[in-house]
Amino acid sequence: MSFIDSYKHLEKLCGEVLNDDRRVSAYIDEMLNKPYGSYLVKGWDDDLKKLKHYRWVRNKIAHEPDCTEQNMCEPNDYRWLDNFYSRIMNGTDPLSLYSQAIKTRRSPKSAQKTPTEHSKYKQQDTAYKKPSQKFAGCMAFSVGILIIAAAIILISISL
């Protein structure tokens, strides 16, 4: 297949899977709406970057007169698109892996709740803090303890 054929093939599948006329853009938006995707799914950022790049390439080819597959693409580009299509079909694409990761991390207590899909993922996303956020919270707590200890020492010295 050519790049455009591979892109159209992927675009059609994304539209069907997400039930969204924006197709590949909808898939990209879904990935952007998962703030902890890169922590839960290996290769998340690379896939997101590639999808954005290939959407940009497709738009250049479709809308700019001097842009063609020949001067914009390499054979690996359409192979990546075909491979990504296969990953969606096999359930090994980023959004499928993210969904699986969320399900395996869900506690039995939260499994009893049945919120809407969007709010369910939003609630679960907030449960997983980035390591830097945990570190910042610990540091703030430690600084607070030190300030309280210093205040107690100063008060006891002045009495």
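Q: Contact means heavy atoms within 4.5 Å; which residues does Val 57 touch, not counting residues up to four places away in sequence?
A: Leaving out residues up to four places away in sequence, Val 57 touches Phe 3, Met 72 and Cys 73. This is a predicted model, in which local features need pLDDT of at least 70 and side-chain atom pairs count only at pLDDT 80 or more, while totals for chains, interfaces and linings use all residues. Residues are numbered from 1 along each chain as its sequence is written, and side-chain values use heavy atoms, with hydrogens and water left out.

Q: Where is Val 57 found, and is Val 57 buried or exposed?
A: Val 57 belongs to helix H4. With a relative accessible area of 2%, Val 57 is buried (under 20% relative accessible area; exposed is over 50% and partly exposed in between, with a 1.4 Å probe and protein chains only).

Q: What separates the C-alpha atoms of Val 57 and Glu 69?
A: A distance of 8.7 Å separates those C-alpha atoms, and the two residues are 12 residues apart along the chain.

Q: Stepping back, how many helices and strands are there in the protein?
A: The protein has 10 helices and 0 strands. Helices (H or I, at least four residues) and strands (E, at least two) are DSSP runs, numbered from the N terminus. Along the sequence, the pattern reads α-α-α-α-α-α-α-α-α-α.

Q: On to packing: at what angle do H1 and H2 pack?
A: Helix H1 (residues 3-18) and helix H2 (residues 24-32) pack at about 60°, and their axes are 7 Å apart. Axes are lines fitted to C-alpha atoms, for helices over the stretch in contact, and angles run from 0 to 180 degrees between N-to-C directions. H1 and H2 are therefore oblique to each other (under 35 degrees is roughly parallel, over 145 roughly antiparallel, 65 to 115 roughly perpendicular and the rest oblique).

Q: Which residues meet there?
A: From H1 there are Tyr 7, Leu 10, Glu 11, Cys 14 and Leu 18; from H2 there are Val 24, Ala 26, Tyr 27 and Glu 30. By class, this contact of H1 with H2 has 7 nonpolar, no polar and 2 charged residues. Ala, Val, Leu, Ile, Met, Phe, Trp, Tyr, Cys and Pro count as nonpolar, Asp, Glu, Lys and Arg as charged, and the others, Gly among them, as polar.

Q: Which residues of H2 are buried, and what covers them?
A: Val 24, Ala 26, Tyr 27, Ile 28 and Met 31 are buried in H2. Their cover includes H1, H4, H6 and helix H7 (94-105).

Q: What about H4 and H6: at what angle do their axes cross?
A: The axes of helix H4 (residues 44-63) and helix H6 (residues 75-90) cross at roughly 120° and come within 11 Å. H4 and H6 are therefore oblique to each other. On the H4 side, the contact is made by Asp 47, Lys 50, Leu 51 and Tyr 54; on the H6 side, by Asn 76, Asp 77, Trp 80, Leu 81, Phe 84 and Arg 87. Its composition is 5 nonpolar, 1 polar and 4 charged residues.

Q: Now the loops. Which phi does Asn 19 have, and where is its place?
A: Asn 19 has a phi near 50°, a positive value in a residue other than glycine. Asn 19 lies in the loop between H1 and H2, and at 72% relative accessibility it counts as exposed.

Q: And what is the phi of Arg 23?
A: Arg 23 has a positive phi of about 50° although it is not a glycine. Its place is also the loop between H1 and H2, where Arg 23 counts as partly exposed at 36% relative accessibility.

Q: Last one: where is Gly 91 found, and which residues does Gly 91 touch?
A: Gly 91 sits in the loop between H6 and H7 and counts as buried at 18% relative accessibility. Not counting residues up to four places away in sequence, Gly 91 touches Ser 96, Leu 97 and Gln 100.

How values were computed
Contact means heavy atoms within 4.5 Å.
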